Amino acid sequence: MQPRNMSMSGVVDLAAVKAAGEAKQKAEQARAEAARTGAAPAGATRLVFDVDEAGFQEDVLQRSTEVPVVIDFWAEWCEPCKQLGPLLENLAAEYAGKFVLAKIDVDANQMLFQQFGVQGIPAVFAVVAGQPIPLFQGAVPEGQLRQVLDQLVQVAEQQFGIVGVPVDPAAAEQAEAAAPPPVGPYDAALTAAADALDAGDLDGAVRAYRNVLADDPTNPEAKLGLAQAELLQRVQGLNPQTVRQEAADRPTDVQAQITAADLDLVGGHVEDAFGRLIDAVQRTAGDDREAARVRLLELFEVIGADDPRVTKARTALARVLF
């Protein structure tokens, strides 16, 4: 993919709107509050971090009132992303708090991908004072990237009064390493959930896994267990022959294909399940397409991101989406 620059002129235009003054005031208030309480502003310790749809409001929009947030839209299958991502991360460390880097996996966060109007990846945006700013698309040379980042930092400071927070990258790494461990442990809760799952108490298993995730949203064992329990809930009581016949008779019925894909996966036909939903995504649009895509991502969770069948299916999904 050839780099396609996105005009930075929109950044300057934003200075004329009322949001600029409001953002400057918010930034000053945030710094004053941090000074009063002795707390470090949000961008002070994490220079590079992953963002999902659930955390976007806090991790990007709120943070952007204190420091420019550069967003890297990427995917595991995207080769140019593998060139650009490390370069952006190195520059985030070098710029030492003048901006922070938020990384968004487009496969797992399609809503954000669509809301930003991304046409291809890698794509890099910025958010300053809650305002989205397109920067460029495609892998670009380091010199050009530095020019864009320098202009972003300058405009953020001059037009919005947002200067970021000077950070020692080594100190940031130490602070992150010394962060308290997640709430837990959850051994007893996870054991109880697994026991409920083994006993066929699917409602109990779902509740138990959700309780763990309420406190620790990234707990991998709870995420996997919940995905499995919800899958078994969905297929409970279904007649496999009827479901597959309906899917064969109504190939354009997305819900029929989704239900059949669930049964395929439970029956061990993993690639069939993935292929069925990828075909549904390719053939449909709007809400139907989104329903098929979301269910496919849920089935990826059941199998696990490291499974080569998931990797292959992600690549196939990308082809039909982009």
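**View 1. The side chains of aspartate 107 and tryptophan 77 are joined by a polar contact of 3.0 Å.** A polar contact here is a pair of N or O atoms within 3.5 Å; within protein, one atom must be able to donate a hydrogen and the other to accept it, and residues adjacent in sequence count only if both atoms are side-chain atoms. The model is predicted, so that local features need pLDDT of at least 70 and side-chain atom pairs count only at pLDDT 80 or more, whereas totals for chains, interfaces and linings use all residues. Residues are numbered from 1 along each chain as its sequence is written, and side-chain values use heavy atoms, with hydrogens and water left out. Aspartate 107 sits in the loop between β4 and α5, where helices (H or I, at least four residues) and strands (E, at least two) are DSSP runs numbered from the N terminus. With a relative accessibility of 2%, aspartate 107 counts as buried, a term that means under 20% relative accessible area, while exposed means over 50% and partly exposed lies in between (1.4 Å probe, protein chains only). When residues up to four places away in sequence are not counted, aspartate 107 touches Ala75, Trp77, Arg293, Leu297 and Arg314, contact being defined as heavy atoms within 4.5 Å. The C-alpha atom of aspartate 107 is separated by 9.8 Å from that of phenylalanine 73, the two residues being 34 residues apart along the chain.

**View 2. Asparagine 109 is also found in the loop between β4 and α5.** Its relative accessibility is 5%, and asparagine 109 therefore counts as buried. Neighbours within four places in sequence left aside, the residues in contact with asparagine 109 are Val51, Asp52, Glu53 and Ile104.

**View 3. Serine 64 occupies the loop between α3 (56-62) and β3 (69-74).** Serine 64 has 0% relative accessibility and so counts as buried. A polar atom of the serine 64 side chain lies 2.8 Å from the backbone nitrogen of glycine 130. Apart from neighbours within four places in sequence, serine 64 is in contact with Val69, Val127, Val128, Ala129, Gly130 and Ile162.

**View 4. A disulfide links cysteine 78 and cysteine 81, with their sulfur atoms 2.4 Å apart.** In general, a disulfide is a covalent bond between the sulfur atoms of two cysteines; the rule applied to this model asks for a pair of cysteine sulfur atoms within 2.5 Å, and by this rule the count comes to 1 disulfide. The torsion about the S-S bond of cysteine 78 and cysteine 81 is about 80°, and the disulfide is therefore right-handed. Cysteine 78 and cysteine 81 are both buried.

View 5. At 19% relative accessibility, alanine 96 counts as buried.

**View 6. Helix α12 (residues 254-266) and helix α14 (residues 286-303) have axes that come within 10 Å and cross at roughly 10°.** This crossing makes α12 roughly parallel to α14. Axes are lines fitted to C-alpha atoms, for helices over the stretch in contact, and angles run from 0 to 180 degrees between N-to-C directions; angles under 35 degrees count as roughly parallel, over 145 as roughly antiparallel, 65 to 115 as roughly perpendicular and the rest as oblique. On the α12 side, Val254, Ile258, Ala261, Asp262 and Leu265 meet Asp288, Ala291, Ala292, Arg295, Leu299, Val302 and Ile303 of α14.

**View 7. Alanine 227 belongs to helix α10 (residues 220-235).** Alanine 227 is buried, its relative accessible area being 12%. With residues up to four places away in sequence not counted, alanine 227 touches Glu298, Glu301 and Val302. Alanine 227 and glutamate 298 are 71 residues apart along the chain, and their C-alpha atoms are separated by 6.8 Å.
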